[in-house]
Every structure is written in structure tokens, then in C-alpha cells.
Amino acid sequence: MADDDTTRFVEDPEFTCKGGKCSNPQKSFSLAKKNLMKVLEIEPNHAEAHYNIGNALMAQDKFEDANLAYNKAIYIKQDYVEAYISMGFALEVVNFKEPRP
């Protein structure tokens, strides 16, 4: 994978799904996650890749898994404001879904 392709995967998680190849949004986000995991194989401490995996998981309503991905991004890059905000949304949804006493 060329460096500019790696950057495109990270900046645009639907990169490989453009041009009509992935018409199903769930499939698009699943493929995006798969491609971002390839980025992490090359560079495991890539905060943006973890963040965008979180975004793909949020789009699939996998809020707890998204929270873990955002947490990894924040661990790597402590000043990652977007990851903190997105993690807040994920936690809000998870807490909202849990029954209240």
C-alpha cells in the first residue's frame, strides 16, 4: 500500500467504496474498518486510524466497540479533541440504552 493510499484510508474511511463498488452503507463501513485495520498493521499507533475505526463502528451502531477505538486514539494522542467528542457521543448512546433504576 502506497503512503498516499494509507493517508487516504485514514482521512476518508470510505475511500475504497467510492465509484459505486459499495452501495450498502453497512458494507461500506465494514470495508472501511477492514482497510483501516490494514493501516494499523503497518502503523499500530496511528491515532487517526483508530479514530476512524470508531467512526465506522458508530455508523454500524456498535457503540461500545467504537468507544474502545476512540479510547485507543486518545491513548496515542492525548490532545485528540475529535476523539474525545466522539467518545462522549458513544458513551451517551450506551448509557441511554441501559435501563435506568
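**View 1. Helix α4 contributes the most residues to the lining of the largest pocket, namely four.** The model is a predicted one, in which local features require pLDDT of at least 70, side-chain atom pairs count only at pLDDT 80 or more, and totals for chains, interfaces and linings use all residues. Residues are numbered from 1 along each chain as its sequence is written, and side-chain values use heavy atoms, with hydrogens and water left out. A pocket is an open set of points on a 1 Å grid over the protein atoms alone, where a 1.4 Å probe fits, with protein on both sides within 12 Å along at least five of seven lines; lining residues have an atom within 4 Å of a point. Helices are DSSP runs (H or I, at least four residues), numbered from the N terminus. The space in the largest pocket is about 160 Å³, a volume being the space filled by probe spheres set on the grid points. At least two lining residues come from each of α2 (25-42), α3 (47-59) and α4 (63-76). Among the lining residues are Lys-33, His-50, Asp-65 and Lys-72.

**View 2. Helix α3 is mostly covered, with ten of its 13 residues buried.** Buried denotes under 20% relative accessible area (1.4 Å probe, protein chains only). The buried residues of α3 include His-50, Tyr-51, Ile-53 and Leu-57. From first C-alpha to last, α3 reaches 19 Å, close to the 18 Å expected at 1.5 Å a residue; the expected span is 1.5 Å times one less than the number of residues. Just after α3, Asp-61 adopts a positive phi of about 60 degrees.

**View 3. Ring pairs join Tyr-51, Tyr-70 and Tyr-80 into a cluster.** Rings of Phe, Tyr and Trp (its six-membered ring) pair if their centres lie within 6.5 Å; planes under 30 degrees apart count as stacked, over 60 as edge-to-face and the rest as tilted. The structure holds two aromatic pairs. Tyr-51 and Tyr-70 form a tilted pair, 5.7 Å centre to centre with 45 degrees between the planes. Tyr-51 belongs to helix α3 and Tyr-70 to helix α4, so this pair ties together parts 19 residues apart in sequence. Both Tyr-51 and Tyr-70 are buried. The ring centres of Tyr-51 and Tyr-80 are 5.1 Å apart and their planes lie at 40 degrees, so that pair is tilted. Tyr-80 lies in the loop between α4 and α5 (81-97).

Key. Buried < 20%, exposed > 50% of the residue type's maximum accessible area, 1.4 Å probe, protein only.
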